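Trainee: I've got the model open and would like to go through its side-chain packing with you. Shall we take it piece by piece?

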Amino acid sequence: MTTPIPSPPGLPFLGNIFDVDPQNQSESLDRLADIYGPIFELRLPSGNLVVVSDHELYDELCDEKRFTKVVVGALVELRSAIHDGLFTAHSSEHAWEVAHRTLVPSFGPLAIRDMFDEMHEILTQLVLKWARYGQDYRIDVADDFTRLTLDSIAICAMDTRFNSFYTEGVHPFVKAMQEVLVEAGRRSLRPSFFKPFMKSADKKYGDDIEVLQSTAQKIVADKRANPTDKKSLVNAMLHGKDPKTGESMTNESIADNMITFLIAGHETTSGLLSFLFFQFMANPQSFQQAQREVDQVIGSGPIKVEHLSKLPYITACLRETLRLTPTITRTAIGPRPDSKEDPIILGGGKYLIKPGSTFTMLLAKVQQDPKVYGDDANKFRPERMLDEHFNKLPKNAWKPFGNGSRACIGRGFAWQEAMLATAMLLQYFDFRLDDPNYRLAINQTLTVKPKDLFMHATLRKGIDPLHLEKMTTSDSQKATQVPQVLDASKKAEDKETGKSISIYFGGNMGTCESLAQTVAQSSATHGFKAVVKPLDEATDKLPKDHPVIIITASYEGEPPDNAGIFFNWLKSLDGEPLKGVQYSVFGCGNRDWKDTFQRIPSSIDTMLEERGAGRLLKRGSADVADNDVFNDFEKWEDKNLWPTIKKVYGSEDGADEMASLDIEVSTTLRSSHLRQDVKEAIVVKNEILGTETEAPKRHIELKLPTDMVYRAGDYLAVLPMNHTSVVQRVIKRFRLPWDAFVTVKSGESYLPVGQPMSVFDVLKAYVELSQPATRRNIASILKFVNDDATKAELERLKGEAFNPEIKEKRVSPLDILERYPRTNIPFSAFLAMLPQLRLRQYSISSSPLAEPGSCTLTWSVIDKESFQGDGKRFLGVASNFLSDVKEGDHIHVIVKQSHQSFHLPLDIAETPLIMVCAGTGIAPFRGFVQERALQIEAGRKLAPAILFVGCQRPRHDDLHADELSAWASKGAVDLRYAYSRDRESSNGAKYVQDRFWADREDVLKLFRSGAKVFVCGSGKVADGVRDASVKMYMQTSEEEGRPKTKEESEKWFNALRNERFMSDVFD
C-alpha cells in the first residue's frame, strides 16, 4: 500500500506556479519542504516535479542504474546559450561524451597542480588590492571573489586575461552571463501562454547570449591563429582527441564548453569562498583555529602547493561550508531512458511516482538531515568534517559536486583554488563584518551567493602594504620581517589633540555603545582624545601607548556580535604577548541569567591579565535587572576610572563636558536622518488582545524588508520613537519654536556633526528622554543653578535621597528640570547628557512558514501612573510607539537571532516539546505552535507537545486563545492553563509553574522520551520551572532508589541548560 505524496493545493491550469518565487526558488522550495516534509509534489508548467529533501530518499535517487541527470527547468533554457556543453547536455548526447572523455585528463591532479602559480598570481592581485585600500574599505565579498575566480579560470583554463582587478565595473562577459542565468530561471517558470508577451526580455536574452558566444569564439580564433604549447584547457580542447573514438571537439563545442567553464568554474567557487568567509566571521572560534593552522603550517613565508595538503582544518571548513550552503542548490534527476521499471516506487515501496515526473533534490536540506548529522545539523561545525568523521559519513550524505558520471569535472580545480585563497587570505588578513548584525541572505541565479555581504580586511601583525608583494613571493623568511610603518599624520594628530584613550564596546542592543560614548564625551574634560570602536576592531591591535577601556556584555554566556572575533583571538593567544597594554573592563549583564552573568566581561578581564596586559583597576559591572546601568557606570567612571587614569597617565584639565557640545539652533531648515543598522518594515495590522487587562496587550503584523529572514523563536529589535507628549514637554521647557532646527557644530556626540536636524526629530528619534537621571546628570544641572534652595534640594537628591527618590521612582532629567524651574541649563547641555535612543527587543510571535516575509509581535503596553505620584503618566517608550502605529506606517527594525538552542528541534517527528510561559511570554510559542499546525495540515507526523500558559482569567487575558485552541484541535499542541484569579478553571493551579508541577506525570513522560523544555516569561516563572524540575528529579530519584541531594539535583539541572532546558527571561 503506497502513501500519497503531499502537495500544496495549487490553482487550476497554473498549478503551483505561485508557490515558487522566481527570484528565490531555493528559499521557496525550502519553505515548502519545512511544511510538507522530505518529499512533496508540485505541478509546474514544465511538468510534474517531485521534491526530495532527506538523505534516505536522496541516496535511493543517486542509484545510476535506475536514475540519471535530466536537463529541465533553467538548464533547458540555458541550452540556448551553451547548447550541449558539459553542464547542459543530455547524457545521451554524443558531443558531451566526446568532450567529457577528451577533457578528463586535463582535470587530473598533476594538471591542476601545474596551475598553482597562475592561481597564486591572480590571488596576489586581490591581496594587494585589499591591503592598499586599507581596513576601512568596505569589501563587496561576492563581487571581489567573483573577480578572483573569473580571472583564475580565464588564465588557467583559457590562457586569457580579463584583468578584473584593474577595472571598476564588471567585464561585459560577466554582466551578460549574470543576466542570462537570471533570465533562464525566469523563463523556466513562465507558462507557455505568457511567452508571446515577453519580446523585450527575449531580445535582451539573445543579445546577452551573443556576448557570451562572441567572447568564446574570439578566444578560439585567437588561439588557433597564435598556437602555443602551454598545457591549458583551451589547448586540450583545440588539439585533444577522444581516447575512445579519436574524434576532436568541434569549434562550436569548444566555444560552448569555454562558456560552461567560465560560468561553472567561477560562479560556484566564488560562492563557496563568500559563504566560507561569512561563516568565519560568524564563528570566530573557527576563524581563529583556521588561522592558527595557517600560521603553523605555512608561517610567514610564501605559500606553496605542497602546503595545501597539510591543512586538514581548512579542508574541513570548506567541506562544512559546502554542506550547509552548496552553491548548486538542487539537481534534477529522472528515470533512465532505458529503464524498464514501471511503476517507479520510492522509499521502500512507500511512494508511487506519477509517469513523466522529474525529481529535484534540495541539496542543502539533504546535507542537513538530522538523522545523519544530529540536532546541530544546521550549525557550522567544521570538526564533523575532519577526515576521521568525514570518511564515516553514510554514502551520498555529502554531494556538493554532483553525482556519478555527471558530477563536476572541475572539482579538483575548484578545490585547489579555494584552499589556496583561504590559506593566503588568512595568512595576511584579519576579517570582520561591516554590519555585525548581518543575517545571511541569498542571491540566486543558477547558483547561489550571499546577498549584500560586506566585510573589512585588516593586515595582520603590522604588515606594511608597500612590502606585501615581496612577502607573497619571496622565499626568504627574513624578507617577511618588515618593520611596522606608522602613520606620521596620526602621530601629529595625537600630539595636537592631547593624550589618547581607546574605548572598545561589545553589545547588540546599543547600551554598551552608549556607555562608550559617555566615556568619550567626558574624556575631553580630563585632557584625553577618545577613539570609540567596536571590540572586534581591537583584534591583534590593542594599543600599548595609552589606556584601553573595554565595555561589553554577555548574551547567554556568548560574546556580542561585534566582539566574538576579539574574544576568540584573545583565547587563542599563548604566553604574554600583551605586555604593555594597560586596560580596564566594565561589564553589563542581567543576573536573571545566573549561570552566565558577566561571563564574557569577566573572561576578557582575566584573559587580558593572563596574557601579560596590566589591569588599571578592578572590573566594573552593572546589572540591567536593576534598571540603573547608566548610574552604576557613571559612578564607576567618576570614582574609579578617571582617578586611576589620572594617577597612572597624568591629566590636564579640558573643556567642560556640558559646554563641549557646540550647537546652533535654526528655524528654517528641515531634514531627517535614519539609523544605519535597521531597515523599514511596514505595518500590516495592529490590534488589541484580551479584555480589560491592567496592561493592555497588543498584536502587530509587519511586512519585513526584503531579505530580512528569521526562525520561529528569534527576536525583532525595534528602533522606537519617544512619545510626542514627552517631546512636547521638552520643547515647552526650553521655549523652543516647534519647527526649530539644531546643528551640532563640534563636540563628542552620536548625533551627526555639521548637519541641521529638526529639534523635534532629534528629541523624538535620537535620544532617551525617559531614562532615569544619574548622579552625574544632577551634578551637571547643579552647575546652572543660582537659587540656594534649589541648589540644596538637588544636592540632597544627589546624595542619600538618590536611590529612593530618583532611581526607584524613575525620575528623568526632564522631570527634574520641570520640578525645579529655576534651573537655567541651556538646551545644548541638556542634549549632551541624554544617551542615544536604543533598540528594544521583542520575541517574534509567528513562524516564517505562515507568511513569508512577514512576522508578528505580541506585547504589553506600559502606560501607568508615574512612580513620582505627580499625576504624570509613565509611558514605555517602545510599547507605546508600537501601540500608536497604524496600518501602512513604516517602522525601523532588525531581526536578532535568539540563542541557538531556543528554536524548534530539527527532528520534529522524534523530539517532544514542553513549553511554559506567562503573559506575553506566549509570543515565541505562538510561532512554534503555528509552525507545527502548518506541518500537521500538510500531513506531517510530529512528536507531542504541551504548552503551559499562565494568565489571570479565561476569556480575559488568555492571549491568542482561539487560534491556539484551533491548532490544538489539529494535534499541534496540548494546552494547559493556569489562571491566577480563577484557580478552579485550572485544576487548582494558581501560577503556571504550579500547573507544570501538578501535571508532572505528563511532563516526565515526555521528558523521558527526549523532550526539550522551553520557558519564556519573567525571572519568577523561570525560577519556578527550575525549582519544579529539580523537585521532580529528586522525587523520581528517590522512587528509583537513588536519592539525590538538592545540590546534586541543581547540578543535574544546570548541566542540561541550553540542551534540554531553554529559557528566555524578561522583566
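Predicted model: local features only at pLDDT ≥ 70, side-chain atom pairs only at ≥ 80, totals over all residues.

Trainee: How many aromatic pairs does a search of the whole structure find?
Mentor: Rings go into the count if their centres lie within 6.5 Å. With the whole structure searched, the number of aromatic pairs is 38.

Trainee: Is the pair of Phe162 and Phe173 stacked or edge-to-face?
Mentor: Look at the planes: under 30 degrees counts as stacked, over 60 as edge-to-face. Here the ring centres are 6.0 Å apart and the planes sit at 25°, so the pair is stacked.

Trainee: How many residues apart in sequence are the parts that this pair ties together?
Mentor: Phe162 is in the loop between helix H7 (141-157) and helix H8 (172-189), while Phe173 is in helix H8. Phe162 is buried at 9% relative accessibility, and Phe173 is buried at 1%. The pair therefore ties together parts whose separation in sequence is 11 residues.

Trainee: And Phe528 with Trp642: what kind of aromatic pair do they form?
Mentor: Their centres are 5.8 Å apart with 40° between the planes.

Trainee: Which arginine lies over the face of Phe454?
Mentor: There are a couple of these contacts to look at. Arg733 lies over the face of Phe734, at 5.2 Å from the ring centre. Over Phe454, at 3.7 Å from the ring centre, it's Arg138.

Trainee: On to the sheet: which are its edge strands?
Mentor: It's an open sheet of 6 strands with antiparallel pairing, in the order E25-E22-E29-E20-E21-E26. An edge strand pairs on one side only, so look at strand E25 (840-843) and strand E26 (854-860).

Trainee: What is the bridge partner of Leu702 in E26?
Mentor: Strand E21 (residues 697-703) pairs with E26 in the antiparallel sense, over 7 bridges. For Leu702, the partner in E26 is Cys855.

Trainee: Within what arc do the buried residues of H27 fall?
Mentor: Helix H27 (residues 788-798) has Thr790, Leu794 and Leu797 as its buried residues. Residues three or four places apart in an α-helix point the same way, because there are 3.6 residues a turn. Asp788 and Ala789 are exposed on the other side of H27. Seen down the axis, the buried residues line one face of the helix, because they fall within an arc of 55°.

Trainee: Which residue does UniProt list for "binding site"?
Mentor: Go to the loop between helix H16 (387-390) and helix H17 (411-428), where you'll find Cys408. Its relative accessible area is 41%, so Cys408 is partly exposed. The UniProt entry is unreviewed, and the residue it lists for "binding site" is Cys408.

Trainee: Last one: how far apart in space are Arg147 and His266?
Mentor: Arg147 is in helix H7 and is buried, with a relative accessible area of 9%. Arg147 and His266 are 119 residues apart in sequence. In space, C-alpha to C-alpha, the distance is 8.4 Å.

Key:
Residues numbered from 1 in each chain as written. Heavy atoms only, no water. Helix = DSSP H or I, 4+ residues; strand = E, 2+ residues; numbered from the N terminus. Buried < 20%, exposed > 50% of the residue type's maximum accessible area, 1.4 Å probe, protein only. Lys NZ or Arg CZ within 6 Å of the ring centre and 35° of its normal. UniProt positions renumbered as here; feature names shortened; annotations may be inferred. Pairing = 2+ DSSP bridges. Arc of directions from axis to C-beta.
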